[in-house]
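Dear colleague,

Here is the structure for your files. My notes on it follow below.

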Amino acid sequence: MRELPRPGVYLTFEQFLANTPAPDLQASTDTVTFSFGPPQARLRWLGVPRLRVKIVNEKNQHQPAKQVWGFSDGRQLFVQHQKNFFPLHRHHNFFTFVGEAPPDVAYRQARAQSSMQGQLKAGLLGAALAHTPGVDHSAEPMGYAVDMRTGEAGQFPNPLLPAPACTDTAYIYMYRYADISTAPVAFSLDNQPMGALRPQQYLEIPWPQPDQMLRLCLELPEFPCQLVIPNPGGLNYLRITANAGAGKRPSWEWVSVEQGEADLDAIDRERNADAR
């Protein structure tokens, strides 16, 4: 898919590829903060909003979301994975997303074995005495790639294949344009404070690990953090709006290369005009 996504619901992967949403369905969304799963997962999802999605027909009647492949709000694409929806991001000629890791089978097996050993030591009557080994990695953030032949999601990068040579660098241009607020917005990368973004300003963020997810956090209410695998095959443009006017919430949006370049050109023109 190269054209802008049409808003609507994709029942199948084929509808997604053709950019032809189901004509009688729409997605209604809101967000809640990640706060579930094992402690390790809760820590790594901290600050990243979880999407709650309701699928409705033309009569505003709820439809089962489990039958949906994904949806678009007209700007961002989302895919359903393990009963939750996650934003898609282009990566070369396919799409990636950061979703939840599957249940940690090794941890559960070790815990069951440890519990059995503890019961044997306690004579099958007392409490288990053995300490449960390891850490439960279930539901932690994990990178996935969409197979563009089948629509199925697989772990990214694939742990069964040789690691590719990291010769690419992904570039993110984060900017604020047409923003009413004049206050700087502080941001961090992988939990390290990196400074602040001011109105009519853009910053270039190189990411030399294109196969690894990036944690980007902004000091904005409601949408403070996100996890993304940037595209090394093209430039990534993230538009920040701290205040878009009365009744509008702060927002950030991954925009097309064409839109990002046009906005940055406009910022440069205004800077040059102010400098005269």
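Of the contacts in the protein with a separation of 6 or more, 59% are between residues 24 or more positions apart; contact means heavy atoms within 4.5 Å. This is a predicted model, so local features need pLDDT of at least 70 and side-chain atom pairs count only at pLDDT 80 or more, while totals for chains, interfaces and linings use all residues. Residues are numbered from 1 along each chain as its sequence is written, and side-chain values use heavy atoms, with hydrogens and water left out.

The protein has 4 helices and 19 strands (DSSP runs numbered from the N terminus: H or I of at least four residues for helices, E of at least two for strands). Buried residues make up 41% of its 276 residues (buried is under 20% relative accessible area, exposed over 50%, partly exposed in between; 1.4 Å probe, protein chains only).

The largest nonpolar core has 26 residues, and Phe16, Trp45, Trp69, Leu88, Phe97 and Val146 have the most contacts inside it. A nonpolar core is a set of buried Ala, Val, Leu, Ile, Met, Phe, Trp, Tyr and Cys residues joined through side-chain atoms within 4.5 Å. At least two residues of this core come from each of α1 (13-18), β6 (77-81), β9 (94-100), β10 (141-146) and β17 (225-228). Another core, of 19 residues, lies apart from it and includes Met174, Ala242, Trp252 and Trp254.

Tyrosine 171 is in strand β12 (residues 170-176). Tyrosine 171 counts as partly exposed because its relative accessibility is 31%.

Regards
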